[in-house]
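The sequence and structure come first.

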Amino acid sequence: MASIGLRGITKTFGDTQVLNAIDLHIADGEFLTLVGPSGCGKSTTLRIIAGLEAQTEGDVEIDGAVVNHVRPSRRDLAMVFQSYALYPHLSVRQNLATPLLLRDLGFWERFPLFGALVPGRRKKIETLGAAVRDTAGTLEIEHLLERKPGQLSGGQRQRVALGRAMVRNPAAFLMDEPLSNLDAGLRVHMRAELSELHRNLGTTFVYVTHDQAEALTMSDRMAVMLDGDILQLGAPDDVYQNPQDLRVAEFVGSPKINVLPGECDSAGRLSCLGVALERRLAKSADGAISLGWRPEHFTLHPGETSECFAGRLVYKENLGADVYLHAALADGAHRLIVRVTPARAHDAAVGDALWLDPDAGRTMAFGPDGRRLALAEDDEAERVV
């Protein structure tokens with residue numbers, strides 16, 4: 001196992017800068033996910049850690065030692081790629097054994113005929129075979145050892161790709177969107193398996209994905225990246241519940257957060273589209289502000305009231321355990337998505353009038369620059385009656 005550190009990592013391709021002085025510490029045994037949209041720099045960061053890409057400036061550290069000039073094969077890191085990168089002409093057993101053959105056998109020992117004459121080779125082959133069997137047992141793919149990759153399903157190929165990385169017992173695993181080629185149901189299953197594997201191995205995992213559901217469900221911590229910067233780093237629940245940047249709030253969460261234009265008076269009291277909120281800013285802000293609520297932060301009010309947003313139901317999205325109501329607000333310019341139970345949504349029909357009551361205690365405020373604005377504590381907030 002190993003800790004990994006990035007100190008002031010920048011990367012430019014020609015005149016384009018893709019990483020902006022990234023600082024990041026990944027603890028020994030941690031599962032950290034780099035998440036963000038395509039082109040944000042997350043895969044480049046992973047390749048720099050692996051040594052497959054050279055940074056323009058900054059240092060990469062593994063267990064406190066700078067490895068800027070250490071070859072990828074000497075960093076003791078295992079990479080799992082999106083494409084699996086299995087050898088199609090080799091069996092699963094041979095695919096798993098290949099990293100050990102390259103690492104543990106000398107040049108002449110790798111030849112079938114000449115190698116048999118090298119003293120000690122037989123013992124190495126037995127040890128290698130035992131490692132392959134142990135890894136196959138951990139991943140429950142013993143029955144697949146004699147098959148070729150073309151005879152495997154997508155999930156089975158993913159397990160083999162993981163096994164080929166595991167068999168080396170690396171200091172850390174680097175995973176570049178390994179589940180993106182799987183169908184939706186299998187991705188959910190493999191998320192649970194990867195999390196369990198991490199707990200069993202206790203090894204450092206650095207995982208790259210554009211799927212925020214993967215980051216939220218598997219990580220110890222997640223780093224949200226955009227335009228070459230880490231906008232927020234923290235536990236998944238904290239990033240979801242307390243985003244510190246509007247871009248983070250909008251990226252993390254599905255359906256995405258509801259954002260509406262807000263107003264702030266001289267005392268910091270908040271209102272939104274004519275609805276007075278029972279919260280105020282800790283410090284009054286100048287300029288336009290935005291207010292956000294997650295879909296679960298609204299309740300349906302049975303009748304019209306000045307404390308609710310008035311809207312009309314335009315779409316009902318039934319996901320079984322939850323129903324999402326899409327409401328067009330009375331101003332004609334904005335929409336809200338609200339999560340309700342199937343029982344609550346049963347009688348709602350497209351075209352019905354809705355009164356949506358925001359949970360004032362869950363209000364998020366963002367300034368003109370997109371940064372989170374602090375709200376006054378509940379016991380200090382001025383209640384609007």
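A residue is called buried under 20% relative accessible area, exposed over 50%, and partly exposed in between (1.4 Å probe, protein chains only). The model is predicted: local features need pLDDT of at least 70, side-chain atom pairs count only at pLDDT 80 or more, and totals for chains, interfaces and linings use all residues. Residues are numbered from 1 along each chain as its sequence is written, and side-chain values use heavy atoms, with hydrogens and water left out.

**Salt bridges**

A salt bridge is a side-chain nitrogen of Lys or Arg within 4 Å of a carboxyl oxygen of Asp or Glu. The count by this rule is ten.

| Pair | Closest N to O |
|---|---|
| Glutamate 61, arginine 7 | 3.6 Å |
| Arginine 371, aspartate 245 | 3.3 Å |

Helices (H or I, at least four residues) and strands (E, at least two) are DSSP runs, numbered from the N terminus. Glutamate 61 is buried at 18% relative accessibility, while arginine 7 is partly exposed at 36%. Arginine 221 belongs to strand 9 (residues 221–226) and glutamate 30 to the loop between strand 2 and strand 3 (31–35), so their bridge ties together parts 191 residues apart in sequence. Relative accessibility is 23% for arginine 221, which is partly exposed, and 8% for glutamate 30, which is buried. A network of salt bridges links Lys11, Arg47 and Glu53.

**Sheet**

Two strands pair if DSSP finds at least two bridges between them. Four strands form an open sheet in the order 2-1-4-5, with antiparallel pairing. Strand 2 (16–26) and strand 5 (65–66) are at the edges with a single partner strand each, so one side of each has no neighbour in the sheet. Strand 4 (residues 57–62) pairs with strand 5 over two bridges, and isoleucine 62 stands opposite alanine 65 in strand 5.

**Nonpolar cores**

A nonpolar core is a set of buried Ala, Val, Leu, Ile, Met, Phe, Trp, Tyr and Cys residues joined through side-chain atoms within 4.5 Å. The largest has 33 residues, of which Val92, Leu96, Ile141 and Met175 touch the most other members. Its largest share, five residues, comes from helix 4. Apart from it lies another core of 28 residues, including Ile22, Ile62, Leu174 and Val208. With contact taken as heavy atoms within 4.5 Å, isoleucine 141 meets Val92, Leu96, Ala136, Arg159 and Val160, leaving aside neighbours within four places in sequence.
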